[in-house]
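Take a look at the structure below. Two kinds of side-chain contact will guide the tour.

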Amino acid sequence: MKNIFLTLLIASGISFTTQSQPTEFGADSFLAAGTLSNGKRIFMNDVNIKAVRDFSKAHSKAANVKWYGVRDGFIVNYTLKGVRSRAAYDVNGEWTYTLSWYDVFKLPPSVRHLVKSTYYDYKISLVIEINNKKQKVYEVQMEDKSSFETVLVVDGEMQVKETIQ
């Protein structure tokens, strides 16, 4: 379970970094929407080619692809088969994690069955899938008439993350 929380902490930290100072690839050859913490403009060739090649190979049919420069590397937001996702690469172009957001219909049946067998009266409103090199974590957000629940599912085990009455 420590790995789950470490994964979520890392993913949250990187996504906060992304939100604070994004720089987006436009049609131009540079990232015109912002700057990194050092204040210099980021050019497209500043993205590690290994990251670009890895992403292109793994997600060749991705749409709405937008790269961002962050302090610790690069973030790419994209859509693939109707699923919004964000992949992170370090400064050396090594993939570190991917976050994907989707609804209950894209949730793997085994995970959906595990959650619904305990929370059968709840409506699943959002699933966040967190992939890193070690594991895959599903954060399932759901609600009933009087409360909200967020559970984490890892390796067939479910743990309550948050309950709001």
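What follows covers aromatic pairs, then salt bridges.

This is a predicted model. A pair of aromatic rings is described by the distance of the centres and the angle of the planes. The model has four aromatic pairs. One of them joins F55 and W67 edge-to-face, with 5.6 Å centre to centre and 75° between the planes. F55 belongs to helix α2 and W67 to strand β3, so this pair links distant parts of the chain, 12 residues apart. F55 is buried at 5% relative accessible area. W67 is buried too, at 9%.

W67 also pairs with Y89. Their ring centres are 5.9 Å apart and their planes meet at 35°, so this pair is tilted. Here strand β3 is linked to strand β5, across 22 residues. Both W67 and Y89 are buried. Together, F55, W67, Y78 and Y89 make one aromatic cluster.

Now turn to charge. Side chains of opposite charge can pair when their charged atoms come close. There are four salt bridges. E94 and K50 form one of them, at 2.1 Å from N to O. E94 sits in the loop between β5 and β6, and K50 in helix α2, so the pair ties together parts 44 residues apart in sequence. E94 is partly exposed at 30%, and K50 is partly exposed at 41%.

Another bridge joins K161 and E139 at 3.0 Å. It links strand β10, which holds K161, to strand β8, which holds E139, 22 residues apart. K161 is partly exposed at 41%, whereas E139 is buried at 8%. Shared partners join K50, E94 and K133 into one salt-bridge network.

Technical notes. Residues numbered from 1 in each chain as written. Predicted model: local features only at pLDDT ≥ 70, side-chain atom pairs only at ≥ 80, totals over all residues. Heavy atoms only, no water. Phe/Tyr/Trp six-rings, centres within 6.5 Å; stacked < 30°, edge-to-face > 60°. Helix = DSSP H or I, 4+ residues; strand = E, 2+ residues; numbered from the N terminus. Buried < 20%, exposed > 50% of the residue type's maximum accessible area, 1.4 Å probe, protein only. Salt bridge = Lys/Arg side-chain N within 4 Å of Asp/Glu carboxyl O.
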